[in-house]
Amino acid sequence: MIRNRRPTHDLARHRVATLSLALVLTAVGATVATTPVQAEEEPSAMLEPMRLQAVSAYNERNWQAASEAADAFVAALDAEGLPHAGPKFALVSFIGGHARFELWKADPGTFPYDFDRDVLGAMHESLEILQDDPFFKHNILGTAYYEKLKHEHYRNPELENKANWHLYKALLARAEELVDAPRDGEDFTSFAKYVLLYINRAFEIARYSTVPKIYLVRVREACRLGFGSKYDDRFAQLYEVVGFDDGNVRAGVLWQTGLDKMNSEGEPEEVLEVFSEAAQVTRGYKERAEIYRQMADYSSRLDGHGYKLRAVEFGRMAFKLDPTNKDIQVQYGTSLHVVSYAHYNAGRFEESLKSAKESTSFEWDGDEVAYFDLSRSEANFGNKISALVHAEKAYDKARRKYTGGELQPFFQNYVNILRQFGLSAKASQIEAEFQGSGQ
Amino acid sequence: MSRTKSRRFAIIAFLALGLGLFSGVTVNAGNVDPVERELGFVAELYRAITGYHVLLQGDGVTRDMVAAALYDVERYVEELDGRYATNKLFIEDHAAMEEITQTVAKAHLQAALLHAKGVDLEGSISQYEKVIDLLGYNPVDWEESIARSAVPGMLPGVSEIVFEMASPREVVEDLKRFWAAGVVTRFKVEEYGSASRQAFKIERIGGRKDPFSEAAFALASERFSERIAEGLEEFRVVLPPGRYRVSAADPTVETLEVALSRGGVPDPIVLNPNTFNFEFASPDEKCALTMTINGLTVKNFQGLSYGTYRVRSAPGCTRRIPDKITVEQNSEVSLRTEPERLDYVKEGQPIFLFITTPPGSTYTLRM
């Protein structure tokens with residue numbers, strides 16, 4: 001029955017987890033089948049239909065019915081003066097706890113139970129007695145803690161520690177089960193996905209935690225479980241990023257979150273917001289500059305003039321923090337070039353000139369385009385000498401790097417400016433040299 | 001390894017090492033003997049615990065950080081304890097079991113050290129007691145190498161951790177230094193009703209104001225409240241040296257002050273709404289007594305708290321007097337102390353008297 005059902009909740013989405021629970025239920029069911037029929041007045045006989053009802057509802061993911069059946073089972077147990085003991089009680093207690101958790105998750109506002117006692121408490125009580133299938137059970141329990149923590153805006157250190165531990169303990173248990181499994185096999189790959197899910201959650205928690213640095217250890221321990229899997233590169237990246245900015249885990253987590261959102265084509269504003277947050281919490285100026293460089297790069301690739309302007313702004317911030325960084329110089333200069341070029345094409349010559357001047361205020365690999373922009377903007381305002389000097393400089397720099405079609409615009413710009421200012425003879429000389437050079 | 005050799009060296013854990021280690025284990029896992037595999041799991045859990053040293057090192061370690069790190073460490077140690085208990089049932093290989101025992105003991109020693117660094121002195125002492133239980137002997141004689149501390153190495157991005165290794169003897173010395181900053185203090189509260197007890201609060205009204213003492217008191221204060229809330233009638237709390245006041249908003253609760261000194265072994269502190277009086281029958285003024293209770297000198301012998309009094313006589317007194325008198329509340333007077341009653345105690349040995357007396361009564365000390 002469970003095997004063919006598509007799970008709807010987060011944790012049971014995984015086939016292994018679902019199968020594991022099915023095994024629990026089947027095993028207990030088998031025990032019941034071989035138990036001699038009890039007289040009707042026997043408490044166990046009275047309890048048995050309730051237990052079966054709880055199991056059946058749980059298998060059908062009817063959380064309301066499962067929860068009610070578990071309530072009835074425990075109430076009947078209490079009425080008979082029977083102890084909260086034995087594997088059957090433990091199973092029903094876990095079912096009750098999990099079912100109530102699903103009810104809470106669906107609508108916390110109308111939840112009629114006490115979360116601590118009836119969700120967490122019930123599952124803990126169960127785990128004291130019945131410790132089979134630890135991967136599944138600790139995953140559910142950890143998820144309950146995690147969701148409650150999230151509901152409280154990640155501001156509860158006790159829930160945070162417990163969420164982390166039970167989610168991690170689930171992974172430890174599964175890693176042990178899979179110790180003989182090939183690391184490139186289906187089971188281990190599924191497990192590695194769970195480890196990545198754990199790290200995603202850890203990142204989310206670390207973002208708001210009062211002690212983000214604890215995740216330097218927690219995340220790295222989890223990464224160790226995933227090494228050797230198909231996602232080895234990703235685990236190595238995550239292992240490294242929590243050490244970003246000298247172990248400033250919150251900055252590292254935000255940095256990675258921003259990169260992930262960017263690479264998955266998230267909403268640009270959301271991506272930039274996460275990057276901004278990362279930059280703000282970063283302590284090292286080089287690390288902060290790197291984030292601004294990335295923001296400049298990202299913005300420059302987005303459509304819209306506003307993003308081009310923001311690329312310049314981010315590039316400027318990066319450059320101020322780390323002016324000797326070659327990548328930052330290129331990013332900042334390129335952003336200015338793009339803006340200058342756009343202004344020029346839109347006829348905003350003053351703005352174009354301003355950006356071009358800024359982009360030639362420092363040396364960078366590729367600054368021939370900046371001198372190109374500067375010269376033609378200056379020419380527009382009749383600034384003859386500067387325009388000629390800068391057009392020649394752009395052409396000279398370009399000649400050292402480019403040939404053919406790539407060199408052509410620089411050559412043409414220089415010639416145009418020469419002619420604009422009545423220097424046709426010089427322009428012809430340059431043209432002759434250009435053609436003579438085989439370009 | 002020789003126990004006399006100094007084992008102070010550094011381990012550098014690189015990311016690459018982590019990758020290699022785990023890949024290696026996995027590749028060969030199919031052929032690994034279950035006992036060997038169990039040894040591997042136990043060793044991994046122990047290794048994970050040592051990773052927390054780097055978080056409790058240096059300045060800027062917050063209470064939340066300590067709580068989070070110690071929470072994890074305690075869970076790892078519980079995990080190891082669970083495995084140890086199960087392994088004892090199923091592993092017949094004595095050498096392997098001994099190795100597991102040693103690893104679990106090392107984990108508890110690490111936990112003792114980490115708790116001490118996190119100023120949870122009580123937790124530290126409890127963990128240390130487990131080390132002794134597991135080993136069956138004092139760990140100072142243990143031939144092992146223990147990670148004593150860890151700091152990030154020179155490589156950027158905390159991609160290496162440098163561990164300082166030490167012998168158990170050195171680690172125990174570290175622990176003793178930490179523990180000396182705490183005084184194990186027992187409280188007895190059974191004479192108060194549950195409602196009154198719930199209102200108890202403990203304040204630190206004197207002593208050093210260094211971060212260690214303040215953090216240790218904050219934790220001790222939490223433990224005090226937890227134990228009161230649990231309904232315990234007698235419990236212990238490890239407090240940093242200093243002066244304390246136990247009081248409550250409830251007017252029926254008598255405020256009590258206590259002074260704890262570094263390295264001291266205080267008598268149990270008795271919280272009791274009732275009092276009694278002492279009267280001295282001795283005509284010998286040379287033997288005028290000085291008494292202290294809870295580290296404070298008694299100035300007035302009326303309205304005294306129940307508890308243990310430490311007694312000193314004036315320098316010229318030749319009579320034998322008790323070193324301590326413990327007074328408990330009871331409806332009857334259990335002993336009347338007279339000089340001749342002390343003769344059975346051998347010369348040079350301390351004399352401890354235990355007496356009971358009803359609330360409001362006057363107890364006559366005939367000595």
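**A strand, a helix and a contact between chains**

Six bridges join strand β4(B) to strand β6 (residues 234-239) of chain B, and the two run antiparallel; strands pair here if DSSP finds at least two bridges between them, and strands (E, at least two residues) and helices (H or I, at least four) are DSSP runs numbered from the N terminus. This is a predicted model, in which local features need pLDDT of at least 70 and side-chain atom pairs count only at pLDDT 80 or more, while totals for chains, interfaces and linings use all residues. Residues are numbered from 1 along each chain as its sequence is written, and chains are lettered from A and ligands numbered from 1 in the order in which they are written.

Within β6(B), B:Val238 is the bridge partner of B:Val184. Strand β4(B) also pairs with strand β9 (residues 269-270) of chain B, in the parallel sense and over two bridges, and there B:Phe187 stands opposite B:Ile269. The covered face of β4(B) holds B:Val183, B:Thr185 and B:Phe187, whereas B:Val184, B:Arg186 and B:Lys188 make up the uncovered one. In a regular strand the side chains alternate between the two faces of the sheet.

In chain A, helix α5 (residues 115-129) has a kink of about 40 degrees centred on A:Gly121, the bend at a residue being the angle between axes fitted to the seven residues ending there and the seven starting there.

The contact between the chains takes 24 residues from chain A and 27 residues from chain B, where two residues are in contact if their C-beta atoms, placed from the backbone, lie within 7 Å. On the side of chain A that touches chain B, the largest share, five residues, comes from α9(A).

Definitions and conventions:
The expected span of a helix is 1.5 Å times one less than its number of residues. A residue is buried if 20 or more other C-beta atoms lie within 10 Å of its own, exposed if 12 or fewer, and partly exposed in between; C-beta atoms are placed from the backbone.
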